[in-house]
Amino acid sequence: MKKLAIVLTLVASIATTAKADTLFKTGWVTDGDTIRIYTPKEVKVRLAFIDAPESKQLLGEKSKWYLIGLLKNTGNQVSVVSHGEDRYKRLLGEIYDRNGKSINIAMVRAGMAYFYRKYCQKNECDYQAYDAAEQEAIAAKRGVWGASELTPWDYRHREREIQKQK
């Protein structure tokens, strides 16, 4: 119960409106759509509205390193707009650099992540901006759009089916 209270307090300290003012130090990058920030406690943030290749997929490591590069360019200081939590108790968030540029959309534009339309409700994300970024990546055949591999959600589904057969 105490852990839940701490998490709720941390989530409350993170903005729930667009382009928050508070900058948080970034920490470990788990993969192309999950990072840790310090609030000052460490909080796992799952980048909202995008889905990057899984670590074991062809572009998984490249996506992770691309995100690391974007964060390095911010001086490892980002603001976060919270969109609740996922089923793994990670904060769902849009992250922005000091100038208000969306890191999530930059990942999609570079072809290092897919726009996860399934979770983008028009009133809580900039659907047009995410869609335009993805269309740009598709047209230029960037990243995932130039490779022939499964989408992350199809990859996870296939892996679950393989595990069931064991």
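This is a predicted model: local features need pLDDT of at least 70, side-chain atom pairs count only at pLDDT 80 or more; totals for chains, interfaces and linings use all residues.

User: How do you know that the span of helix H4 agrees with its number of residues?

Analyst: Helix H4 covers residues 127–140, which makes 14 residues. The expected span is 1.5 Å times one less than the number of residues. For H4 that should give 20 Å, and the end C-alpha atoms are 20 Å apart, so the two agree.

User: What makes residues of H4 count as buried, and which are they?

Analyst: A residue is called buried when its relative accessible area is under 20%. In H4, Tyr-130, Ala-133, Glu-134 and Ala-137 are buried. Viewed down the helix axis, these buried residues fall within an arc of 95 degrees, so they line one face of H4. They pack against strand E4 (50–51), E6, H3 and strand E7 (114–115). The face turned away from the buried side carries Gln-128 and Ala-139, which are exposed.

User: Why are strands E5 and E6 called paired?

Analyst: Pairing requires at least two bridges between two strands. Five bridges join E5 to E6 (residues 91–96), and the strands run antiparallel; Ser-82, for instance, stands opposite Gly-93 in E6. Strand E1 (residues 24–31) is joined to E5 (residues 77–85) by two bridges, also antiparallel, and therefore meets the requirement of at least two.

User: Where is the confidence of the model lowest, and where highest?

Analyst: In the protein chain, helix H1 (residues 2–13) has the lowest mean pLDDT, at 43, whereas helix H3 (residues 103–109) has the highest, at 98. The chain averages 86.

Definitions and conventions:
Residues are numbered from 1 along each chain as its sequence is written. Side-chain values use heavy atoms; hydrogens and water are left out. Helices (H or I, at least four residues) and strands (E, at least two) are DSSP runs, numbered from the N terminus. pLDDT is the predictor's confidence in each residue, from 0 to 100. Buried means under 20% relative accessible area, exposed over 50%, partly exposed in between (1.4 Å probe, protein chains only). The arc is that of the directions from the helix axis to the C-beta atoms. Contact means heavy atoms within 4.5 Å.
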